[in-house]
Amino acid sequence: MDDPTISNQRDRSAPSTPPLNLPLRMSDSSIHLENLPSRTMHINRIINSNYNRFPSRTIYSDRFIPSRSGSNFALFDISNSPTSADGKEEGSGTYKSLLRAALFGPDTPDKKDSSGLPARRNIFRYKTESKRSLHSLSPFGLDESVHGISHIPVKAPRKVPRSPYKVLDAPALQDDFYLNLVDWSSNNVLAVGLGNCVYLWNACSSKVTKLCDLGFDDSVCSVGWAQRGTHLAVGTSNGKVQIWDASRCRRVRTMEGHQLRVGALAWSSSLLSSGSRDKSILQRDIRAQDDFASKLSAHKSEVCGLKWSYDNRELASGGNDNKLFVWNQHSNQPVLKYCEHTAAVKAIAWSPHLHGLLASGGGTADQCIRFWNTTTNTHLSCIDTGSQVCNLVWSKNVNELVSTHGYSQNQIIVWRYPTMSKLATLTGHIYRVLYLAISPDGQTIVTGAGDETLRFWNIFPSPKSPNTDSEIGASSFGRTTIR
């Protein structure tokens with residue numbers, strides 16, 4: 001209010017205000033404006049005189065707000081090359097140059113804008129340089145001699161040899177999708193069914209031995225080594241299963257029960273499972289006198305794939321009815337049924353790395369590899385391979401698997417799980433690759449086809465050095481015959 005009378009009346013009527021927080025030497029009366037008229041007039045005169053004398057001067061408040069227009073950047077001495085009077089660069093300028101180069105790169109002082117003029121030294125400008133690696137932002141640069149800074153090299157993908165290191169001629173190797181005529185024992189002996197005979201090839205000595213001859217009225221439909229590698233089961237076209245002692249080349253026993261050919265065999269310790277064209281699976285205990293202990297009937301067509309899990313608790317079976325079943329040792333009915341495939345399921349493989357992980361492949365009308373978790377009864381994933389899936393086998397040394405294919409690519413593919421990225425695609429067979437087995441050390445696979453050849457490939461690393469390429473067999477490349 002401009003009226004002092006009204007102001008004095010308001011002060012009398014208002015309640016007393018608390019005393020001011022003043023130093024001990026000063027009292028409220030000593031600063032009262034009525035007692036100090038001369039000081040008040042003096043202060044007003046100073047303010048009015050400054051305001052009138054400098055009308056454009058900025059009055060600052062108790063907060064500092066930086067103003068670009070009012071800033072004096074010359075105080076920061078932001079210059080390109082501060083030099084002394086005699087032309088030599090000063091010490092502070094050298095330090096600033098080194099610091100600028102370490103923080104923003106050595107090319108910062110010489111940069112120019114789009115007009116061709118030197119870039120303005122604006123400390124608030126955004127950097128628009130190209131992307132550099134994190135190492136380039138370090139004040140130490142890329143000096144490998146600096147201790148304490150490790151530069152981890154990018155791991156190169158593992159190289160898989162694209163050619164077989166050995167080829168064996170296998171005359172009379174049948175071109176039949178539903179048969180399983182090749183198996184590799186834990187004693188490093190390969191068994192191959194050729195026509196009505198079974199031959200053994202010792203991988204250590206390359207010696208070939210004729211195990212048996214079934215005669216003209218019978219033929220070999222499947223072979224399967226026992227886990228110890230001493231006995232071989234042979235399934236025949238007459239529906240019989242023969243057990244042979246490989247070391248003595250002597251037949252131990254013959255078991256019956258199937259009405260048609262036996263195209264699939266799988267061992268679980270002393271228990272032997274056989275799948276037949278008569279749609280049944282027989283569980284046989286070779287220690288018992290009976291030909292079979294139980295009969296599993298669920299498939300509606302020929303059983304062409306059989307595999308026991310690594311813990312010998314679950315048996316997976318695939319049939320020409322496009323079904324994949326999982327059984328246990330105590331049931332005559334499948335505990336799990338998978339019907340997603342649209343073609344015959346011959347390719348079956350259990351993962352040695354994860355319990356309950358099962359892979360299966362479909363035939364020509366399906367061409368897919370599917371993954372299942374039998375513990376949770378879930379379908380995990382599916383990948384279309386573009387070709388008939390004939391066989392699957394999992395690596396024991398790394399989390400990878402290999403698939404062999406028929407129509408129409410006839411290729412061999414090495415996959416990395418679970419991304420299912422292709423590590424290699426191998427070709428060489430001119431017929432569909434129907435047969436597959438893996439060596440006991442887990443490094444080599446052998447493939448067989450209707451072109452009557454067996455090809456050996458080094459595709460998996462050794463368990464001791466998973467990142468090194470295997471050169472085993474490279475010097476023994478050659479082509480011989482197995483019979």
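This is a predicted model: local features need pLDDT of at least 70, side-chain atom pairs count only at pLDDT 80 or more; totals for chains, interfaces and linings use all residues.
1. Basis. Residues are numbered from 1 along each chain as its sequence is written, and side-chain values use heavy atoms, with hydrogens and water left out.

2. Overall content. The protein has three helices and 29 strands; helices (H or I, at least four residues) and strands (E, at least two) are DSSP runs, numbered from the N terminus. Of its 483 residues, 42% count as buried. Buried means under 20% relative accessible area, exposed over 50%, and partly exposed in between, with a 1.4 Å probe and protein chains only. Among contacts with a separation of 6 or more, 46% are between residues 24 or more positions apart, a contact being heavy atoms within 4.5 Å.

3. A nonpolar core here is a set of buried Ala, Val, Leu, Ile, Met, Phe, Trp, Tyr and Cys residues joined through side-chain atoms within 4.5 Å. The largest one has 39 residues, and Leu190, Leu232, Leu454 and Phe456 touch the most other members. At least two residues each come from β2, β3, β4 (197-202), β5 (208-213), β6, β7 (231-236), β26 and β28 (453-458). Beyond neighbours within four places in sequence, the contacts of Leu454 include Leu168, Leu173, Val182, Leu190, Val192, Val446 and Ile482. A separate core of 16 residues has Val398, Val402, Ala424 and Ile438 among its members. In soluble globular proteins, nonpolar side chains tend to be buried together.

4. Leu194. This residue lies in strand β3 (residues 189-194). Why does Leu194 count as buried? Leu194 counts as buried because its relative accessibility is 1%. Not counting residues up to four places away in sequence, Leu194 touches Ala170, Pro171, Ala172, Leu173, Tyr199, Ile482 and Arg483.

5. Largest pocket. A pocket is an open set of points on a 1 Å grid over the protein atoms alone, where a 1.4 Å probe fits and protein lies on both sides within 12 Å along at least five of seven lines; lining residues have an atom within 4 Å of a point. The volume of the largest pocket is about 1100 Å³, taken as the space filled by probe spheres set on the points, which are joined across faces, edges and corners. Its lining has 41 residues, with Asp183, Trp184, Lys307, Tyr310 and Ile438 nearest the centre. Two or more lining residues come from each of β2 (182-184), β6 (220-225), β10 (262-268), β14 (303-308), β18 (345-350), β22 (389-394) and β26 (433-438). By type the lining has 27 nonpolar, 10 polar and four charged residues; Ala, Val, Leu, Ile, Met, Phe, Trp, Tyr, Cys and Pro count as nonpolar, Asp, Glu, Lys and Arg as charged, and the others, Gly among them, as polar.

6. Record annotation. Residues 426-459 are 0% helix and 56% strand, and their end C-alpha atoms are 10 Å apart.

7. Ile430. This residue lies in the loop between β25 (421-426) and β26. Ile430 is exposed because its relative accessible area is 64%. Leaving aside neighbours within four places in sequence, Ile430 is in contact with Asn410 and Asp451.

8. Ser280. In strand β12 (residues 280-285), Ser280 is buried, with a relative accessible area of 3%. Residues touching Ser280, apart from those up to four places away in sequence, include His258, Lys295, Leu296 and Val303.

9. Backbone points to check. The peptide bond from Tyr407 to Ser408 is cis, with omega near 5°; Ser408 lies in the loop between β23 (400-405) and β24 (412-416). Another cis bond joins Tyr417 and Pro418, with omega about 10°, and Pro418 is in the loop between β24 and β25. Positive phi values are found at Asn312, near 60°, and at Asn322, near 70°. Asn322, in the loop between β15 and β16 (324-328), counts as partly exposed at 22% relative accessibility.
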